[in-house]
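Work through the exercises below with the sequence and the model open side by side.

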Amino acid sequence: MIPAAFEYARASSVEEASKLLKKYGEDAKVLAGGHSLIPLMRLRLAQPKALVDINGIKDLDHIKESGSKLHVGALARHVMIQNSAVVKQNLPILAEVAGEVGDNQVRNMGTIGGVMAHADAAGDYPTIALMLDAEIVTNQRTIAAKDFFKDIFTTPLAPDEIVIEVVFPVANGPHKYIKFRRRLFDWAIVGAAAQKMNGGWRIGLTNVGPTPVRATAVEKALHDGAKPEEAAQHASDGLNPSGDLRASPEYKKHLARVLTKRAIEQAE
Amino acid sequence: MAVTTMIGAKIHRREDPRLVSGEGRYVDDFTRPGTVFLSVVRSPFAHALVKSIDITQATKAPGVVAVYTYKDFAKVLSGTMPVTPSFVAEKKQIPPRFPIAEKEVVYQGEPVAVVLAETKYQASDASNLIDVEYEQLPAVMDLDKALEAKSPKVHSDGPDNLGWDLTYIPDDPAVMKEAEVVIKARILQQRLAPTSMETRGVLAEYSKPDGTMTVWMSSQSPHFVRLFLGGAMGIPENRLRVISPDVGGGFGAKISPYSEDWLVPAAAKLSGRPVKWIESRTESLLTTTHGRGQVFEVEAGAKKDGTLVFIKATQYLDIGAYMGTFAAFQACACLLAGGAYNWKHVAARTVGVLTNKVPTDPYRGAGRPEATHLCERAIDLLAGELKMDPAELRRKNFITTFPHTNHFGLVFDSGAYEKAMDMAMGIAGYEKLRKEQEEGRKKGKYLGIGMSSWIEICGFGPSAATAPATGGIALVESAQVRVFPTGSVAVYVGTHSHGQGHDTTFPQIVADTLGVPYDSIELRHGDTAEGPAFGYGTYGSRSLAVGGMAVHKASKKVVDKARKIAAHLFEAAEEDVAFDQGHFYVKGSPDKRKAFGEVAFASYGAGLPEGMEQGLEAVAYYDPSNFVWPFGTHIAVVEVDTQTGHVDLKRYIAVDDCGNIINPMIVDGQIHGGVAQGISQALYEEIIYDDESGQMRTGTFTDYLVPSANEFPVFELGRTITPSPTNELGVKGIGEAGTIASSIAIINAVCDALSPFGIKHVDMPASPDRIWKLIHDAQAGSNHGKEARK
């Protein structure tokens with residue numbers, strides 16, 4: 001681990017973190033769990049001039065239900081979300097997704113706020129946030145998930161803006177997230193999520209484009225009475241995924257259909 | 001000889017408490033006063049001319065002590081890096097390799113300059129300031145294209161890209177015509193990165209007044225490094241000390257010397273400061289030698305009744321840009337192409353091909369996994385054509401009489417192949433599995449059962465065979481046993497333990513031979529300043545069958561001297577003195593006895609036999625009369641999800657026979673690790689280069705897929721014991737067995753699962769995208785597929 005030189009500051013409040021970020025400008029990065037940022041710095045693919053460590057901020061890891069919404073603090077670690085009784089009761093799919101992130105070391109450190117702000121197309125939470133119309137609350141505003149994931153690694157966050165919490169609707173009906181990958185601790189090659197909510201289906205896909213995808217064509221087909229198998233054929237509608245070492249674009253589209261079908265059928 | 005009490009005992013590895021509690025000491029844990037850190041500037045291109053190197057900015061950077069390039073190293077290093085004959089005595093060309101590039105870089109990662117700085121961060125920062133001007137040349141990446149007459153050349157001044165072309169045994173058309181059924185296959189052995197947990201690393205300190213050099217490095221064979229490095233630097237062995245402390249895995253990639261093993265000591269001499277370099281993981285994937293990297297063309301034939309007639313293998317071996325020190329070792333795949341079976345004819349040819357990639361060199365199994373893969377795949381393909389159960393075809397053709405001389409003149413020392421296969425089939429419940437498979441297929445559930453009846457040559461090796469292969473040094477082994485006056489024992493060995501458990505197993509042998517408590521024996525290895533003058537290192541599953549025998553032999557020399565002393569003390573004739581369970585006594589009077597420790601004490605006193613010198617210690621070199629030949633049968637059970645292409649490994653059964661066993665727990669551990677590594681080749685790992693640019697695309701563990709324990713089922717192990725007649729302990733080797741057997745057990749299982757689709761071949765790794773495409777294509781062209789199967 002030999003990164004380029006950087007300055008380091010540890011904030012004890014959101015205000016202080018925001019001030020520090022303002023001071024360093026665009027060359028600063030927020031350090032939360034660090035499980036995406038530090039590997040990039042190790043390879044010097046990221047060379048921030050300064051890191052603003054927000055791990056010292058108290059009360060940013062809350063998990064609570066309020067007004068039929070689930071509020072998850074930005075610093076909530078994956079392991080906390082995975083094991084939270086509140087999450088299991090109000091949005092069990094989120095607890096299950098959290099349990100599928102990385103390995104124990106990653107889950108002990110990684111945060112939901114970090115995943116959102118990093119906006120990796122292979123991230124799992126963004127898919128759930130997008131398909132359920134979650135909201136990302138920052139120190140400056142509230143952003144709807146559909147407006148948050150702009151492009152790969154790209155969000156509307158300003159340089160001094162910090163994610164405070166993610167607000168999900170309560171949904172505890174049938175659900176399933178299928179994360180297809182080579183090794184248990186890998187990123188998804190393709191992921192598919194199905195959640196029954198308010199009498200309809202919400203379907204989301206991971207890693208089939210630069211941002212998470214909400215498979216509205218599948219949702220509509222299901223709404224119109226199609227069987228899961230038929231509806232799932234629409235999972236690849238409009239997709240144009242790029243290929244990588246593990247999957248060709250064709251294979252990713254195929255997986256989107258197969259996994260969507262299975263997610264709907266296995267939802268419970 | 002004493003009744004054994006420790007040999008065969010299932011005791012915990014004594015090195016583990018130290019290693020698992022963070023008390024291990026690896027190269028990076030060592031430091032010397034005034035140490036500077038070295039960072040290597042490497043070629044970003046697979047092939048380019050070095051037009052100029054501007055070091056101005058780097059030398060001015062904070063903390064920088066020195067920047068060195070070719071012209072500096074040429075002052076203190078001479079000659080080229082070593083290449084041994086191995087299994088190909090005559091090569092077409094051996095591109096001369098200096099540890100750092102001068103005018104041309106021929107693989108991505110080749111060193112072009114080094115920076116020395118006070119901290120590793122400063123060294124790394126400054127290395128980014130070195131401005132190298134390159135002129136890119138076409139990169140030769142593909143084996144087939146490399147052999148074409150119009151191919152660009154790997155080295156612009158080379159004659160072509162052919163490293164060697166050796167036919168061991170040509171075709172015998174008359175015999176081959178006897179075959180009534182013939183199969184053909186083209187099998188890819190993808191390049192693999194050895195990925196030991198500890199990467200490479202070197203720390204070197206030079207004393208100008210004394211002219212002595214001390215090198216700490218992560219090596220499987222410190223004595224060989226001393227031999228080669230001493231030659232390159234003009235330092236005699238008595239002034240060059242190589243210490244290989246705790247080593248976190250080697251898998252064959254830490255046998256041969258590397259550029260950095262030369263550059264770091266040379267930089268220490270040039271700068272007058274101790275110098276340390278620790279390889280990063282990306283450097284490791286890029287520049288540590290790769291394993292495998294071969295393509296096999298295989299043809300095999302049988303009679304309709306299942307009698308095997310011939311097998312023919314042509315190996316195309318991707319050497320890389322330079323020849324690894326033991327590059328041609330992997331040609332031994334040809335010599336074992338016939339596997340465990342009687343064939344009327346075996347033909348084999350090896351072709352070594354240069355490419356603009358990092359060199360390949362031995363990696364766990366080195367040639368034997370490849371041999372097993374090609375032979376066991378051929379057997380399954382023949383069984384398919386003959387409509388025979390693959391197990392029955394094996395049973396019908398197994399070699400059953402030993403010693404057996406194969407077509408290449410190699411002598412299999414002992415074996416009982418059918419017995420091991422039967423045990424494996426019993427554990428697996430083979431008949432029941434076949435029924436489940438048949439039932440499952442009706443419901444769209446695709447189970448596959450794959451078998452691998454493996455053999456191997458190991459225990460390298462007899463001097464007559466190995467001295468010519470290394471260019472002079474016979475791969476025998478040395479040991480020194482020292483008994484101190486109060487009876488404690490120190491054993492110095494020339495092997496190197498980096499996961500094999502020698503600290504435990506060798507004292508088990510000594511404890512039984514000397515009849516002293518196991519806890520009174522200390523094992524030392526890895527320091528060329530200690531023990532016998534030369535040690536040969538650990539690789540090729542040789543430590544026990546060669547090194548263990550050296551330990552046994554030295555222990556017996558000690559007992560022989562102690563017996564003489566005891567006889568003198570008893571005033572009896574030497575031949576009348578018995579030695580049992582650590583006690584000497586005159587035969588017939590077991591009550592009046594002397595403990596080994598008493599004799600040890602006496603050996604340092606007065607009143608020894610006439611002419612005998614004081615002391616109780618002995619050095620032994622053991623030269624084995626033959627190699628040893630372990631074997632076994634592994635069975636893999638997989639289920640293929642035909643929708644996604646995912647292979648679910650449901651069960652893995654391994655029955656192995658490595659002769660007599662010193663410590664069954666360590667044998668099981670070796671099998672577990674080896675099996676995991678072979679499965680990993682079958683399903684996960686693959687070094688990928690971009691064919692056009694020559695850039696490696698698998699430079700981190702995100703892209704180079706090493707599986708974790710999560711990806712494996714519990715392995716079901718069984719064991720038969722067929723002692724080796726080659727050595728007195730009756731032992732063989734087990735370090736590579738799991739890797740040798742397992743890749744093809746998996747692939748045979750995957751092919752078996754996919755046979756209803758008419759799929760006969762799956763390349764490694766059998767990744768889901770690859771399998772989905774095979775199924776997809778087979779279904780799309782099912783008519784065409786049926787034609788092809790006829």
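**Exercise 1.** In which strand of chain B is B:Met213 found? Describe its surroundings as well.

*Solution.* Bear in mind throughout that this is a predicted model. Begin with the secondary structure: B:Met213 belongs to strand 10 of chain B, which covers residues 212-217. Next, consider accessibility: the relative accessible area of B:Met213 is 1%, and because buried means under 20%, this residue counts as buried. Then list its neighbours, leaving aside residues up to four places away in sequence: B:Met213 touches, among others, B:Ala204, B:Tyr206, B:Met233, B:Ile235, B:Leu240 and B:Pro265, and its contacts also include B:Glu205, B:Arg239, B:Arg241 and B:Lys269. Finally, take one C-alpha separation: B:Glu237 lies 24 residues from B:Met213 along the chain, and their C-alpha atoms are 9.7 Å apart.

**Exercise 2.** How many disulfides does the structure hold over all chains? Examine B:Cys332 and B:Cys334 in your reply.

*Solution.* The count over all chains is 0 disulfides. For B:Cys332, which is in no disulfide, the nearest cysteine sulfur is that of B:Cys334, at a distance of 8.6 Å. A disulfide requires two cysteine sulfur atoms within 2.5 Å, so the 8.6 Å from the sulfur of B:Cys334 to that of B:Cys332 is too far for a bond. As for accessibility, B:Cys332 is buried at a relative accessible area of 2%, and B:Cys334 is likewise counted as buried, at 1%.

**Exercise 3.** At roughly what angle do the axes of helix 11 and helix 12 of chain B cross? Describe their contact too.

*Solution.* The axes of helix 11 (residues 368-386) and helix 12 (residues 390-397) of chain B come within 9 Å and cross at roughly 110 degrees, so the two helices are roughly perpendicular to each other. Their crossing is right-handed. Helix 11 of chain B contributes B:Glu376, B:Ile379, B:Asp380, B:Leu382, B:Ala383 and B:Leu386 to the contact, while helix 12 of chain B contributes B:Pro390, B:Leu393 and B:Arg394. By class, the residues of this contact are 6 nonpolar, no polar and 3 charged.

**Exercise 4.** Which residues make the contact between helix 12 of chain A and helix 21 of chain B? Start from the geometry.

*Solution.* The contact joins A:Glu250, A:Tyr251 and A:His254 of the chain A helix to B:Pro768, B:Asp769 and B:Trp772 of the chain B helix.

Note on methods. Residues numbered from 1 in each chain as written. Chains lettered and ligands numbered in written order. Predicted model: local features only at pLDDT ≥ 70, side-chain atom pairs only at ≥ 80, totals over all residues. Heavy atoms only, no water. Buried < 20%, exposed > 50% of the residue type's maximum accessible area, 1.4 Å probe, protein only. Axes fitted to C-alpha atoms, helices over the stretch in contact; angles between N-to-C directions. Helix = DSSP H or I, 4+ residues; strand = E, 2+ residues; numbered from the N terminus. Parallel < 35°, antiparallel > 145°, perpendicular 65-115°, else oblique. Left-handed = near helix turned anticlockwise from the far one by under 90°. Contact = heavy atoms within 4.5 Å. Nonpolar A, V, L, I, M, F, W, Y, C, P; charged D, E, K, R; others polar.
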